Amino acid sequence: MTQMTRPAMTTRGAADGGGRGLAARVSLGRIFTPVSSEFVIIASTALLLTAFGLVMVLSATSATAVDRGEGPYDVVLKQGVFALVGVPLMFLLSRLPVEFWKRIAWPALILTTLLQLLVFVPGLGVENDGNRNWILVAGQNIQPSEFLKLSLALWAGLILYRKQKLLRLWKHVFIPLIPVSALVIGTVMGGHDLGTAMILFLVLLGALFFSGVRLRIFLLPLLLSLVAVAVLALTSKRRMSQIMSLFNPDTIDCYYTDCYQQLHAVWGMANGGIFGLGLGNSQEKYGWLPAASNDYIFAIVGEELGLIGCAIVLGLFAMFAVGVFHIIRKTADPFVRIVSGGIVVWVIGQALINIGVVLRIFPVLGVPLPFMSQGGTSLVSVLIACGVLLSFARSLPAGASAGALRGPALREGPANRGRVAR
C-alpha cells in the first residue's frame with residue numbers, strides 16, 4: 001500500500017507544487033530573457049550619443065561660463081540631471097507592452113497639444129528669435145513641441161494600424177489623419193517655429209510611408225507639407241533673408257546679419273581638419289558661436305575632434321537607424337512598423353537637418369542635434385522615444401512569431417491548422 005501510495009502522492013505534488021514551481025521558473029525566465037540584437041543596438045547607441053553629448057556640452061560651455069557668472073560645470077550638471085531622468089525612464093518604458101502604446105496614443109496627443117497651446121498664454125510663453133515655442137516653468141524653459149513629435153508618431157501609427165484594410169482609399173487615409181495632424185502642426189506653426197514644424201511633417205510622412213499606402217496617395221500629403229513649409233518661409237522676412245544668404249557668393253556681405261554663426265561653424269570645422277584641435281581646444285566657442293552648445297554642437301565636435309569625431313557621431317546615428325529598420329523588417333505588427341518608421345525619420349531627419357545647417361547647406365532652422373545638443377526637453381523626449389522602440393524590440397524575440405503560429409496548430413490538430421493558414 002505504501003509503495004502504491006507514494007507514486008500517487010508524487011504525482012499530486014507534481015501537479016500542485018511542481019506546477020507552481022514551473023510557473024515561477026517561467027515568470028523569472030520572462031524577466032531575465034536575453035534581449036534582442038535590436039534592443040542592444042538602439043540602447044547602446046542612445047547611451048553613447050547621450051554620453052558624447054554631455055562631454056561636448058561641458059567642453060562648449062565651461063570655457064565661457066565664468067564670463068556669464070556661472071560655474072564651469074553648471075550647464076553640464078543641469079543637462080546631466082535630465083540624462084539621469086531620461087535614461088532610467090527609457091529602460092522603464094521598455095518594459096511596457098505594445099498594447100499600452102496603442103491605448104495611450106489618443107490621450108498623449110491631446111495632452112501634448114494642450115501643453116503646446118500654453119506657449120500662447122501671456123506671461124507663460126517665451127519667445128526667442130521670432131519663435132514662440134517655449135513655456136517658463138519654475139525658472140526652466142520647456143519646449144512642449146518636442147513631446148508632440150512622439151505623440152504624433154504614436155497617434156498616426158494607431159490610426160493607420162486600424163485602417164490597414166482601407167488604405168487603398170484616399171478618404172480613409174486622409175480622415176482623420178490629415179485634419180488632426182494639420183491642427184496639431186498648426187499650433188507649432190502659430191509660434192513661427194519652422195524647424196519643429198518640418199520635423200512634425202517628417203514624422204507624419206514617415207508614418208504614411210511605412211504604413212504601405214500607395215504612392216499616389218502618399219504624394220498629396222508630401223506636396224501639402226512642402227507648400228506649408230514654403231508658406232511659412234515666404235511669410236517671414238528674416239527666414240527669406242537667411243535662405244537667400246545661402247546663394248550669396250560673397251559671404252562677407254551677410255557676415256554681420258544672416259550667416260554669422262554658420263560661417264564661424266564652417267571655419268571651425270575646417271580648422272579642426274582630420275584629427276581636430278583636441279578636446280577642449282575649440283577657438284570658436286569663445287564667443288564666436290553663441291549657440292555652440294545648442295544648435296551648433298556638431299561644429300564644436302568637428303573643430304575639437306576633427307573629421308574622425310564627426311564620422312563617429314554619424315556612425316552612431318547610422319547604427320541607431322539600422323537597429324530601428326531591423327524592427328521594421330522583423331515585426332508582424334503594423335502598429336510597431338508604422339510608429340518605428342515615424343520615430344526613425346524624426347531622429348535621423350532632425351540630425352541631418354541640424355548637421356546641414358552647421359555645414360551651411362540649409363538655412364538656420366533652430367532644431368537641436370538629437371541626444372547631443374544642450375536642452376533638457378529635447379534629450380528627455382528622444383530618450384522616451386527610444387524607450388518606445390526598446391519596448392517594440394522586446395516584442396520580437398528570436399523565434400517568437402513562428403512559435404506563436406505553430407502553437408495553436410499543434411495543440412488543436414490538423415483541422416485547426418487549416419483555419420490558422422486561412
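Predicted model: local features only at pLDDT ≥ 70, side-chain atom pairs only at ≥ 80, totals over all residues.

Residues are numbered from 1 along each chain as its sequence is written, and side-chain values use heavy atoms, with hydrogens and water left out.

**The whole chain**

- The chain has 16 helices and three strands, where helices (H or I, at least four residues) and strands (E, at least two) are DSSP runs numbered from the N terminus.
- Of the 422 residues, 47% count as buried, a term that means under 20% relative accessible area, with exposed being over 50% and partly exposed in between (1.4 Å probe, protein chains only).
- The accessible surface comes to about 20700 Å², and 69% of it belongs to carbon and sulfur atoms; such areas come from the Shrake-Rupley method with a 1.4 Å probe.
- Among contacts (heavy atoms within 4.5 Å) between residues at least 6 apart in sequence, 73% join residues at least 24 apart.

**The strands**

- Strand β1 (residues 125–128) pairs with strand β2 (residues 131–137) in the antiparallel sense over four bridges, pairing being assigned if DSSP finds at least two bridges between two strands.
- Asn128 has Asn131 of β2 as its bridge partner, and in the hairpin of β1 and β2, with two residues between the strands, Asp129 takes a positive phi near 55°.
- Strand β2 is also joined to strand β3 (residues 140–142), by three bridges, and these two run antiparallel.
- Ile135 has Ile142 of β3 as its bridge partner, and in the hairpin of β2 and β3, which has two residues between the strands, Ala138 takes a positive phi near 55°.

**The cavity**

- The structure holds one cavity of 30 Å³ or more, and the largest cavity has a volume of about 40 Å³, taken as the space filled by probe spheres set on grid points that are joined across faces, edges and corners.
- A cavity is a set of points on a 1 Å grid, over the protein atoms alone, where a 1.4 Å probe fits but cannot get out, and lining residues have an atom within 4 Å of a point.
- The residues lining the largest cavity include Asp295, Tyr296 and Asn354.

**A loop residue**

- Thr64 lies in the loop between α2 (37–62) and α3 (74–93), and Thr64 counts as buried because its relative accessibility is 15%.
- Leaving aside neighbours within four places in sequence, Thr64 is in contact with Lys285, Tyr286 and Gly287.
- The C-alpha atoms of Thr64 and Lys285 are separated by 7.9 Å, although these residues are 221 residues apart along the chain.

Technical notes. 1 Å grid on protein atoms, 1.4 Å probe; cavity = no way out; pocket = protein on both sides within 12 Å on 5 of 7 lines; lining within 4 Å.
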